[in-house]
Amino acid sequence: MPSTDPHVFKCSIYKVFPLLNKKVEIEIITNGILLKSHWHKLESIHKNIVGIKISFDAASQEIYEKVRVGGDWDTLMKSFDFLKEQGLSSLVNLEFVVQKKNFRDIPNLIKLIDHYGFKAMLSQLDDWGTWN
């Protein structure tokens, strides 16, 4: 019977995974906002983290606020600073979906990955005939 506990995944990550084979590799996929404030909660699996993918569709505050409605640019930049300070830059891959709203921000993306030592992957947002 499936669990109805909304925290079951979190509990698995924080408590069960560290008890498993030490060769378990974990890749975090996130929007980056909570990385700094929640990193300590992942302490038991830090050694298992092999990658941190951050969905990141803007490289300037102006564009970010248009593309990521409700996002917080300053908090995201603090998370980026934290990752760099912790020596985790080599694990970070920014996932940048190129769209009409953000394609002019690509030069800023290059500056950001240079500054932080992150990698980036660009992909294209395509209409498969479902947009109006």
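**Salt bridges and their surroundings**

Modeller: In this predicted model, D57 is buried, with a relative accessible area of 8%.
Biologist: Why does D57 count as buried?
Modeller: The relative accessible area of D57 is 8%, and buried means under 20%.
Biologist: Which residue does D57 meet in a salt bridge?
Modeller: The side chain of D57 meets that of R68, with an N to O distance of 3.1 Å. This pair links distant parts of the chain, eleven residues apart. D57 lies in the loop between strand 2 and helix 3, whereas R68 lies in the loop between helix 3 and helix 4.
Biologist: How many salt bridges are found in the whole structure?
Modeller: A search of the whole structure gives three salt bridges. One of them joins E27 and K53, whose closest N and O atoms are 3.8 Å apart. That pair also links distant parts of the chain, with E27 in strand 1 and K53 in strand 2, 26 residues apart.
Biologist: And what is the relative accessibility of E27?
Modeller: E27 is partly exposed at 41%.
Biologist: Turning to helix 3, how far apart are K66 and E62?
Modeller: K66 and E62 are four residues apart in helix 3, so about one helical turn separates them. Their side chains meet in a salt bridge of 3.7 Å, N to O.
Biologist: Is E62 buried or exposed?
Modeller: E62 is exposed, at 54% relative accessible area, while K66 is partly exposed at 48%.

Terms used:
Residues are numbered from 1 along each chain as its sequence is written. This is a predicted model: local features need pLDDT of at least 70, side-chain atom pairs count only at pLDDT 80 or more; totals for chains, interfaces and linings use all residues. Side-chain values use heavy atoms; hydrogens and water are left out. A salt bridge is a side-chain nitrogen of Lys or Arg within 4 Å of a carboxyl oxygen of Asp or Glu. Helices (H or I, at least four residues) and strands (E, at least two) are DSSP runs, numbered from the N terminus. Buried means under 20% relative accessible area, exposed over 50%, partly exposed in between (1.4 Å probe, protein chains only).
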